[in-house]
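Here is a short exchange for someone meeting this protein model for the opening time.

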Amino acid sequence: MPTELNFNPNEPENLTFLKQIPLLQCLDDTELQSFASLLQRFHYNAGEPVYKIGTMRDTIYFVYDGRLSFEKSGHIIRFFEKQHVFGDYSLINTSPHSST
């Protein structure tokens, strides 16, 4: 079960992190801060799934720190590291996840 961590949208290091994500670079500072106020931060233990195949898409994820892998049929298909974004397809498609 993931642990929720504090995410203060007004902390400069959090805004700096978000400004470095290409998907968010079109936002001005006011928009970015407003967006940041909607975010939650979680810690996942090694091997703990963020979501599983078949669960509904409803969240976009930003990798704040660390590295994670995506698996399908028991095979790693991709790695994500700091500042990578995944789940962004959920913004346009509500079909279930096809990987873990």
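Predicted model: local features only at pLDDT ≥ 70, side-chain atom pairs only at ≥ 80, totals over all residues.

Q: Why is Asn-14 called buried?
A: Buried means under 20% relative accessible area, exposed means over 50%, and partly exposed lies in between, with a 1.4 Å probe and protein chains only. Asn-14 has a relative accessible area of 3%, so Asn-14 is buried. Asn-14 lies in helix α1, residues 12-19, where a helix is a DSSP run of H or I with at least four residues, a strand is a run of E with at least two, and both are numbered from the N terminus.

Q: What makes the link between the side chains of Asn-14 and Tyr-64 a polar contact?
A: A polar contact is a pair of N or O atoms within 3.5 Å; within protein, one must be able to donate a hydrogen and the other to accept it, and residues adjacent in sequence count only if both atoms are side-chain atoms. The side chains of Asn-14 and Tyr-64 make such a contact at 2.7 Å. The side chain of Tyr-64 also makes a polar contact with the side chain of Glu-13, at 3.5 Å. The C-alpha atoms of Tyr-64 and Asn-14 are separated by 9.0 Å, although the two residues are 50 places apart along the chain.

Q: Is Tyr-64 buried or exposed, and where is it found?
A: Tyr-64 is found in the loop between β3 and β4, and at 16% relative accessibility Tyr-64 counts as buried. Contact means heavy atoms within 4.5 Å, and, leaving aside neighbours within four places in sequence, Tyr-64 is in contact with Phe-7, Glu-13, Asn-14, Phe-17, Arg-41 and Lys-82.

Q: What makes a group of residues a nonpolar core, and which residues form the largest one?
A: A nonpolar core is a set of buried Ala, Val, Leu, Ile, Met, Phe, Trp, Tyr and Cys residues joined through side-chain atoms within 4.5 Å. The largest nonpolar core has 11 residues, including Phe-7, Leu-15, Phe-17, Leu-18 and Tyr-64. Helices α1 and α2 (29-36) each supply at least two residues of this core, and α1 gives the most, with 3 residues. Apart from this core lies another, of 6 residues, among them Tyr-61, Val-63, Phe-70 and Phe-86.

Q: How do you know what counts as the largest pocket, and how much space lies in it?
A: On a 1 Å grid over the protein atoms alone, a pocket is an open set of points where a 1.4 Å probe fits, with protein on both sides within 12 Å along at least five of seven lines, and lining residues have an atom within 4 Å of a point. The pocket is lined by 32 residues, of which Phe-42, Tyr-44, Val-50, Tyr-61 and Phe-62 lie nearest its centre, and β4 gives the largest share of the lining, 5 residues.

Q: Why is Ser-73 called exposed, whereas Ile-76 is called partly exposed?
A: Ser-73 has a relative accessible area of 65% and is therefore exposed, whereas Ile-76, with 47%, is partly exposed. Ser-73 lies in the loop between β4 and β5, and Ile-76 is found in strand β5, residues 75-81.

Methods:
Residues numbered from 1 in each chain as written. Heavy atoms only, no water.
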